[in-house]
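Thanks for coming, everyone. I have one structure to walk you through today. Please bring it up on your screens.

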Amino acid sequence: MPENRSIESGIPPYPPYKLIARLDWGKINYIRRVEFKFTLVKTDNNIPSGASEIVTNSPATYIQSGAQRSIGVFLAGTVIRSECSVAGGHANINVPMGDVMRRNFKGKYSHLESKDFTIPLTNCVAGRYPTGQEWNYYQNSSAHIKFEGVQGSSIIEASKGILGLTQESTAKGVAVQVLRKDGITPLPIGQEVSVASLSGSNMNIELKARYIQISDSLLGPEPGKADARAAFTVTYK
């Protein structure tokens, strides 16, 4: 029994798409096995917090022979928005950099020992994700962070995570570099960057910061007060 299939619209397996299958039944009447797989696709950023029920009043798909509809498939489920809360509401996080010596710098882009800092997250909801779908990359939600300079701290080199000093600072030729928790990889600033997968109800975003010389002087930066300030935004995707 020859079968003729054609895609009328869309690109499978990404819905919505329409598949037409025409069978030459001849004189034999029987029903073949039909298998459907459904995956939700995010089309808008305005997903409400908590759990949202999915109820469909019209079929997600149906089988029709001629003018008669024989089988309709309706969907029901729950969408849980993955997110956390920053401990303490809007957190002010101080990173003590300590007193350092000018002679410890060895030229442009030389740096000192990095200092740990942590952004604590609470009340995390990781969500649940479909498995067994190779094309589906939504396997887990991640916390993304974006740093932006404030109070005169401007972005010196975004890709290298280098943030300038505040207006009140008196040191010259030095900046602060933000790193991932390995203490080696710069964390880009001025853009959203994935930093951790959501897990459990409480978790930490672990990062590091260090002084870095941005002047060409072989003598090192000019001494003085060296503070940097940044505002951060955490989003979940």
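Which residue stands opposite Val174 in strand 14? It is Gln213. Hold on to that pair while I set the ground rules.

This is a predicted model, so a caution on confidence comes along: local features need pLDDT of at least 70, side-chain atom pairs count only at pLDDT 80 or more, and totals for chains, interfaces and linings use all residues. Residues are numbered from 1 along each chain as its sequence is written, and side-chain values use heavy atoms, with hydrogens and water left out.

Now the strands. Helices (H or I, at least four residues) and strands (E, at least two) are DSSP runs, numbered from the N terminus. Two strands pair if DSSP finds at least two bridges between them.

Strand 12 covers residues 174-180, and strand 14 covers residues 203-213. Seven bridges join these two, in the antiparallel sense. Gln213 itself belongs to strand 14. Is Gln213 buried or exposed? Gln213 is buried, at 0% relative accessible area. The scale is this: buried means under 20% relative accessible area, exposed over 50%, partly exposed in between, with a 1.4 Å probe and protein chains only. The side chain of Gln213 also reaches the backbone oxygen of Ser217, at 2.7 Å. That is a polar contact: a pair of N or O atoms within 3.5 Å; within protein, one must be able to donate a hydrogen and the other to accept it, and residues adjacent in sequence count only if both atoms are side-chain atoms.

The cut-off is a pair of cysteine sulfur atoms within 2.5 Å. How many does a search of the whole structure find? One disulfide. Cys84 is joined to Cys124, S to S 2.2 Å. The angle about the S-S bond is 115°, and the link of Cys84 and Cys124 is right-handed. Cys84 is buried at 11%. Cys124 is buried too, at 10%.

Strand 8 has another residue to look at. Asn123 is found there. Asn123 has a positive phi of about 55°, although it is not a glycine. At 54% relative accessibility, Asn123 counts as exposed.

Next, the loop between strand 7 and strand 8. Tyr109 is placed there. Tyr109 is not a glycine, yet it has a positive phi of about 70°. Tyr109 counts as partly exposed, at 32%. What sits over its ring? The charged end of Lys160, 4.1 Å from the ring centre. The rule for that is NZ of Lys or CZ of Arg within 6 Å of the ring centre and within 35 degrees of the ring normal.

Strand 9 and strand 15 pair over seven bridges, in the antiparallel sense. Gly149 stands opposite Ala230 in strand 15.

Rings of Phe, Tyr and Trp (its six-membered ring) pair if their centres lie within 6.5 Å; planes under 30 degrees apart count as stacked, over 60 as edge-to-face and the rest as tilted. By this rule the count is one aromatic pair. Phe147 and Phe232 have ring centres 6.2 Å apart and planes at 55°, so the pair is tilted. Phe147 lies in strand 9 (residues 142-149) and Phe232 in strand 15 (residues 230-236), so the pair ties together parts 85 residues apart in sequence. Phe147 is buried at 8%, while Phe232 is partly exposed at 22%.

His144 is in strand 9 as well. His144 is buried, at 13%. Its side chain reaches the backbone oxygen of Ser142 at 3.3 Å.

Last stop: strand 3 (residues 51-55). Of its five residues, the number buried is zero, so strand 3 lies largely in the open. Five bridges join strand 3 to strand 6 (residues 76-80), running antiparallel.
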